[in-house]
Each structure stands twice: as structure tokens, then as C-alpha cells.
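Please consider the sequence and the structure shown below.

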Amino acid sequence: MNDDAQEQPAETPNMHSNAGADGSGAVIDKKNRWPLLLGLGLAVVVIVGIYFLYEMFIASLSVSTDNAYVAGETAEVTPLTSGRVIEVFVTDTQPVRRGQILFRLEDADQRIALAQAQAQLDYAKRNFGQSLANSDALGAAADASTTQIGAVQAKLASAQAALVKAQTDYNRRASLAGSGAVSAEELTAAREALSSAQAAEHEAQAGLASARASSVSARRQQEASRALIRGANSETAPQVLLAKAQVENAKLALARTVIRAPIDGVVARRTIQVGQKVENGQAAMSIVPVDQLYVDANFKEDQLGKVRSGQSAKLTSDFYGYDVVFHGKVVGFAGGTGAAFSLIPAQNATGNWIKVVQRLPVRIELDPQELKQHPLRIGLSMEAKIDLTSKK
């Protein structure tokens, strides 16, 4: 017990040595407290200053977003004629060149239609030749009618001369009938001859009128026939041109049974199989132009105040990581925000309203050479950063 009593006082100085100089028990002495507070405040001021300088001279010179995706003008391949698929030469993911055959349709109906159109063309040419011959024949008939008029006129003159002679003979015999120098029979014969001459003269006049009418009719038929062929030949006649157009239409329908790639790109979403019946305008596949892709970057509306078309941009893709940097330029802005063009647009005029910052798609054109070196695909995620100090 004496040993314990002697050890207890020895611990008291150590306990007092851990307390503050003022005996308050504080961890930091009062004389060191203010320098530390001043240092902490100075550090806060420096951090705020650095942030302010960053925002003023670095962050304010560009805008960026990770809400950006690769897009492109995809070409839809649709046949322009109906038919059954007999051959398919490509599959999904396969690169194709413009004009390359993608698939073929059965063309039996189109070949028959082409043969019919060519037959119609031959018939039209022959029909035009027949029209030429008919025109020549009508001209010859008109000339014959004109010649016939002369013959009828001569016949009328002969009939008129015979009528004059018969009239003279009858008048002379009629004047002598009272003296008994002419018999009744002779007078009757002279009267009948006069009647016959008058009838012949009337007949000749009617024949002349008929010949003239026939001549006029023949000339008009000739003119109508010439109107159909005037200024044309066997290659430029209207009916021939119409038949040629039908032949070209049939050839076009036959050519459309072979479907070719409209652009360079990669085949995607192929939906047809051999033996399938496809209709005019039915989507068969898509072609993605991988060398003409662009990026739609969806910036917040409060980021776009200084963004202009023509400004340069740098982009990185999750596909390649930050080691590959794409360069592009702003080419335009969408006509409305994503919310405005959504399937169910927001109804801000109804109910309780909460403001939501909208995003506007900005189209950024990519460098074709960089796309060739590092191909992208539609829908890939991108990070876009626009330099606000670049060309505007």
C-alpha cells in the first residue's frame, strides 16, 4: 500500500502536461489557432480564385456534353416493282459500293411486257407506212377525179350540141307541119329526138356535178390523210413515239427487277429472303453511309448562347476511348428541342409546372478522313466539345 501511495502523485504532472497552456483542455493552443484559420481561409480564397479563373479563361471558351450520338442519312432500299425474290447477293454488315447488285426479282412478266411493247412499236411503224401509202392513193384518186371532170365536161358539151341540133330539127319540122310538107310521124320522131337530147344534156350536167363533188371529196380526204403524217417520218410519227415510250417503260420495268445499291455503305436491317414476294415500295434493307456520318450533340439550352455554325469541335467516342480524337465543325441546329418533337410532347400549359432545362440537337460534321481511319457506326455514344473562340 505504501508503494501505491508513492506512485500516485508521480502521474499527476504528466496529466497536466497534455492540457493547453491556459488550462482549458483545447487541442490547439490559442496562439496557433488564428494562423491556422487564416491559412484555411487563404486556401479557400485561392481555390475560389482558381475556379473563377478557370471559368473565366478556360471553361467559358468552350461548351461540352456527353449527350451526343453518331447519326447518318441512312438509305432505304425499296424495289420499284413487285415480284418474287430469286437471288440475294448481300447480307447484314457487308460493305457495298454504289451500283452493286443487291438482289434480283423474277422478271418473266416484265420480259413479256417488253416483247409486247416492241411488237406495238413495229406495228406503229408499219401503220405509218400504210398511212403514207393511203395518202398517195388518195392523191391519185383526187387527180383521177380532176381528169374525169374534163371528160364529163366534154360529154356535156356533146350533149348540149346534140340538144341544139335536135331543137333546130324539131323547130324546122314543126313550122312545116301545117303545110303538109312534113308528115306527122316525122314530126313525132323529131319531138322524141329533142326529148332524148334534153335528157342526155341533163344527165351530162348531173355527171359533171357528181365528178366535181367526187373531186372535192377526194382532195379533202387527201388533206386529212396528209395532216396525220405531215412533218413526220417512220421514227417521229406520234404513234411511233408513243410505242417507243411504251418500249422504254417496259425496259425500265425489266431493269428494276435488278436492285442495286444507291450509295456506298454497309448493309443493315435486311428483311428479305429468297422466294419472298415483295411489293412496290416495300423496304428490303438499309445502307448506312459509314464515310458520311455526323454527330447530333444535345446541348442544354443555356450552353448555346455563343455557339454558331462553322465553329470547330473535338469529339471522342466510347468505342475508341480518349486516345482517338475526332475533329468536326458545327453545321446547324435542329428546328426544335427534343421534347417538342417527342411522340408525346410536354403539356406545359396544364397542371402544376416545373421548369426543366431543354436540350437542342446540334449537328456536327465529322472529318471523312478520320472516319475512314477510325470507322464509326450509327448510335454510338460520343463526347463533344465546341470551341467558342473558333471561326464563326
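The paragraphs below treat aromatic pairs, a nonpolar surface patch and salt bridges in turn.

The model is predicted, and side-chain atom pairs count only at pLDDT 80 or more. Within it, 2 aromatic pairs are present. One of them joins F319 and Y320, whose ring centres lie 4.8 Å apart with 85° between the planes. Planes over 60 degrees apart count as edge-to-face, and the pair of F319 and Y320 is accordingly of that kind. Y320 also pairs with F326: here the centres are 6.2 Å apart and the planes stand at 55°, so this pair is tilted.

Y320, at 25%, is partly exposed. F326 is buried, with a relative accessible area of 1%. The assignments rest on two limits, because buried means under 20% relative accessible area and exposed means over 50%.

Attention now turns to the surface. L42, V45, V46 and I50 make up a nonpolar patch there, and their accessible area together is about 390 Å². V45, one of these residues, belongs to helix α2, which spans residues 30–57. Its relative accessible area is 56%, so V45 is exposed.

The charged side chains form 8 salt bridges in the structure. Among them is the bridge between R84 and E106, with a distance of 3.5 Å from N to O. R84 lies in strand β3 (residues 83–88), whereas E106 lies in the loop between β5 (101–105) and α3 (108–176), so the pair ties together parts that are 22 residues apart in sequence. R84 is partly exposed at 36% relative accessibility, and E106 is partly exposed at 38%.

A further salt bridge links E279 with K277, where the closest N and O atoms are 3.6 Å apart. E279 has a relative accessible area of 40% and is partly exposed; K277, with 49%, is partly exposed.

Which residue forms a salt bridge with D296? The partner is R363, with 3.4 Å between the closest N and O atoms. This pair links distant parts of the chain, 67 residues apart: D296 is in strand β10 (residues 294–300) and R363 in strand β13 (residues 359–366). R363 counts as partly exposed, at 32% relative accessibility. Through salt bridges that share partners, E73, D296 and R363 are joined into one network.

Terms used: Residues numbered from 1 in each chain as written. Predicted model: local features only at pLDDT ≥ 70, side-chain atom pairs only at ≥ 80, totals over all residues. Heavy atoms only, no water. Phe/Tyr/Trp six-rings, centres within 6.5 Å; stacked < 30°, edge-to-face > 60°. Buried < 20%, exposed > 50% of the residue type's maximum accessible area, 1.4 Å probe, protein only. Patch = residues over 30% accessible without salt bridge, like charges linked within 9 Å, V, L, I, M, F, W, Y side chains within 5 Å. Areas by Shrake-Rupley, 256 points an atom, 1.4 Å probe, with all protein chains shown as cover. Salt bridge = Lys/Arg side-chain N within 4 Å of Asp/Glu carboxyl O. Helix = DSSP H or I, 4+ residues; strand = E, 2+ residues; numbered from the N terminus.
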